[in-house]
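We will go from a helix pair to a loop and then to a pair of rings.

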Amino acid sequence: MERTLITVPPAIPMVALVGAGDSNINIIEAAFPSVAMTVRGNEITLRGPHIDCLALEKLFAEMMVVIRSGQALTTDAVKRSIDMLAADPIEHPAEVLSLNIVSNRGRTIRPKTANQKHYVDAIDENTITFGIGPAGTGKTYLAMAKAVAALQAKKVNRIILTRPAVEAGEKLGFLPGTLTEKIDPYLRPLFDALHDMIDPDSIPRLMQSGVIEVAPLAFMRGRTLNDSFIILDEAQNTTPEQMKMFLTRLGFGSKMVITGDVTQVDLPNGSKSGLRIIRDILGALDDISFIELTADDVVRHRLIGDIVKAYDAFDAAVQVPRNIRNS
């Protein structure tokens, strides 16, 4: 057994570190049951195995850096920090949780998991980035944040947001209103994210001037998109032909981010998804990155991650008997 003393600098409020009602400490104690922790004043005493005390020293050091960056240290952030430090290779929570992408009305958008930071870094480093993963992993939201940041930094002249309207052939014509009103339900999630990142009063002006464009995928045909940040959302609902059409719209000075979940294909008549085969086609090319997000990257309600994992386990259990029968 080892005794380790951690002294917290006066600049860091203890309540920010230990959490309201010791909520952060409770999370840490549950993750490290072999270590006894005592908090007195600005000192934290650890008693336990050397390797666990060493891990906790690293954890508290990372937590203090996060607090210094101005971010509130929630219990969720503490849980994710523990997971990052236990990963192989080790990820540094402070580098992930203190990375500011864009700020609006006092709210700053940051990655919350190591995989999300890899995704954000890939967008910076590549011309085309594919973000593939289940709902709630932030793949579209973070891409939008990077687009707004690029526009604010004048790295691009416009943002183009698009997604396929997969039911257009069946149901769109029966909806009332103009074409814009008919396609609005398909594009509404993109508008919602946009309102979180840009002053809502300025969005109509930016759209009217063409600085921001939100349109169905079919509207991209025949265009060359220069000096633009282009996001294709719900890409699992593109056919291989549509995916090729979209990718070949790339112009000079532009970036593309393609997001989707290959487990939620809504194409009719068993049509093949362009997103499912794209890695086989483009995986060997330079300046194109594929980032896989998982249930561990879900940042919505905690149950969503559990739901995604449950579906994955069910699909795996069903697939094994099928393979046995076919062998």
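Two residues are in contact here when heavy atoms of theirs lie within 4.5 Å. Please keep in mind that this is a predicted model.

**The overall picture**

The protein has 12 helices and 11 strands. Of its 327 residues, 45% are buried.

Let us start with helix α3, which covers residues 50–68, and helix α4, which covers residues 75–86. Their axes come within 10 Å and cross at roughly 130 degrees. The crossing in which α3 passes α4 is right-handed.

Which residues of α3 and α4 meet? On the α3 side they are K58, L59, E62 and M63, and on the α4 side V78, S81, I82 and L85. By type, the residues of this contact divide into five nonpolar, one polar and two charged.

**The loop in between**

Q71 is found in the loop between α3 and α4. Is Q71 buried or exposed? With a relative accessible area of 16%, Q71 is buried, because the cut-off for that class is under 20%. Setting aside neighbours within four places in sequence, Q71 is in contact with V66, L97, S98 and R110.

**A pair of rings**

A pair of aromatic rings is described by the distance of the centres and the angle of the planes. The structure holds one aromatic pair, formed by F130 and F290. Their rings are 4.6 Å apart, centre to centre, with 5 degrees between the planes. The pair counts as stacked because its angle is under 30 degrees.

Where do the two partners lie? F130 belongs to strand β6 (residues 128–132), while F290 belongs to strand β11 (residues 288–292). The pair therefore ties together parts that are 160 residues apart in sequence. Both F130 and F290 are buried.

| Residue | Relative accessible area | Class |
|---|---|---|
| F130 | 0% | buried |
| F290 | 13% | buried |
| Q71 | 16% | buried |

How values were computed:
Residues are numbered from 1 along each chain as its sequence is written. This is a predicted model: local features need pLDDT of at least 70, side-chain atom pairs count only at pLDDT 80 or more; totals for chains, interfaces and linings use all residues. Side-chain values use heavy atoms; hydrogens and water are left out. Rings of Phe, Tyr and Trp (its six-membered ring) pair if their centres lie within 6.5 Å; planes under 30 degrees apart count as stacked, over 60 as edge-to-face and the rest as tilted. Helices (H or I, at least four residues) and strands (E, at least two) are DSSP runs, numbered from the N terminus. Buried means under 20% relative accessible area, exposed over 50%, partly exposed in between (1.4 Å probe, protein chains only). Axes are lines fitted to C-alpha atoms, for helices over the stretch in contact, and angles run from 0 to 180 degrees between N-to-C directions. A crossing is left-handed if the near helix is turned anticlockwise from the far one by less than a right angle, and right-handed if clockwise. Ala, Val, Leu, Ile, Met, Phe, Trp, Tyr, Cys and Pro count as nonpolar, Asp, Glu, Lys and Arg as charged, and the others, Gly among them, as polar.
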